Amino acid sequence: MSSSISKYLQRRDFNNSPEPRGSDARPPSDRVPMFVLHEHETDLPHLDLRLEIDGVLKSWVVPDGLPTDPGQQREALQMEDHPLEYADFEGVIPEGEYGAGTVRIRDKGFFENLTEKDEGLQPPHLALENGYLVFRLQGDQVQAAFVLQRTGTGAEPQWHLVLAWDKESP
Ligand code: MN
């Protein structure tokens with residue numbers, strides 16, 4: 001799975017959209033990786049889940065929002081990788097542009113990979129390739145662990161997003 005924002009760039013006209021042009025994938029840094037949850041009010045309002053993996057924001061559309069009860073699963077559609085700069089983006093994408101509508105940050109914070117393999121942690125990019133990623137979000141509002149499990153392939157693969165536990169459950 002390549003880490004590149006070429007599809008992100010192709011889909012947008014930066015003369016018309018206020019979204020950041022961003023920069024392409026960089027080598028992983030030592031800093032703790034981040035996540036962002038964007039509320040995206042479009043014709044089909046949804047939540048965008050973005051996880052920093054391999055220098056880009058891996059992105060999923062979650063139409064029904066985060067699961068709220070342990071074991072509950074929600075559909076998630078993997079979209080094009082976004083540049084890291086997108087983590088700070090809020091604004092209005094004009095009518096006629098890709099993703100037209102209002103984007104707001106719902107929560108932001110740290111992302112921790114918890115995917116185990118052979119008595120250690122599996123690097124998150126390999127976990128994604130294998131279609132099974134366990135992770136924890138440490139945000140201002142969301143402090144919970146989730147599983148992303150791939151259920152379908154294609155240009156925009158389908159996943160299930162499952163709540164493993166939240167701050168109220170052990
Ligand atoms: Mn979106």
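Leaving aside its neighbours within four places in sequence, glycine 152 is in contact, meaning heavy atoms within 4.5 Å, with Pro157 and Gln158. This is a predicted model, in which local features need pLDDT of at least 70 and side-chain atom pairs count only at pLDDT 80 or more, while totals for chains, interfaces and linings use all residues. Residues are numbered from 1 along each chain as its sequence is written, and side-chain values use heavy atoms, with hydrogens and water left out.

Glycine 152 sits in the loop between strand E10 (143-150) and strand E11 (158-166), where strands are DSSP runs of at least two residues, numbered from the N terminus. With a relative accessible area of 15%, glycine 152 is buried, a word that I use for under 20% relative accessible area, with exposed for over 50% and partly exposed for what lies in between, using a 1.4 Å probe and protein chains only. Between the C-alpha atoms of glycine 152 and glycine 120, which are 32 residues apart along the chain, the separation is 27 Å.

Let me turn to another loop, the one between strand E7 (116-117) and strand E8 (120-121), which holds aspartate 118 and also glutamate 119. Although it is not a glycine, aspartate 118 has a positive phi of about 50 degrees, and glutamate 119, again not a glycine, has a positive phi of about 60 degrees. Aspartate 118 counts as exposed because its relative accessibility is 69%, and glutamate 119 counts as exposed because its relative accessibility is 88%.

Finally, the largest pocket holds about 480 Å³ of space. A pocket is an open set of points on a 1 Å grid over the protein atoms alone, where a 1.4 Å probe fits, with protein on both sides within 12 Å along at least five of seven lines, and lining residues have an atom within 4 Å of a point. Of its 24 lining residues, those closest to the centre of the largest pocket are His40, His46, Asp48, Val61 and Met79.

Definitions and conventions: Helices (H or I, at least four residues) and strands (E, at least two) are DSSP runs, numbered from the N terminus. Grid points are joined across faces, edges and corners, and a volume is the space filled by probe spheres set on the points.
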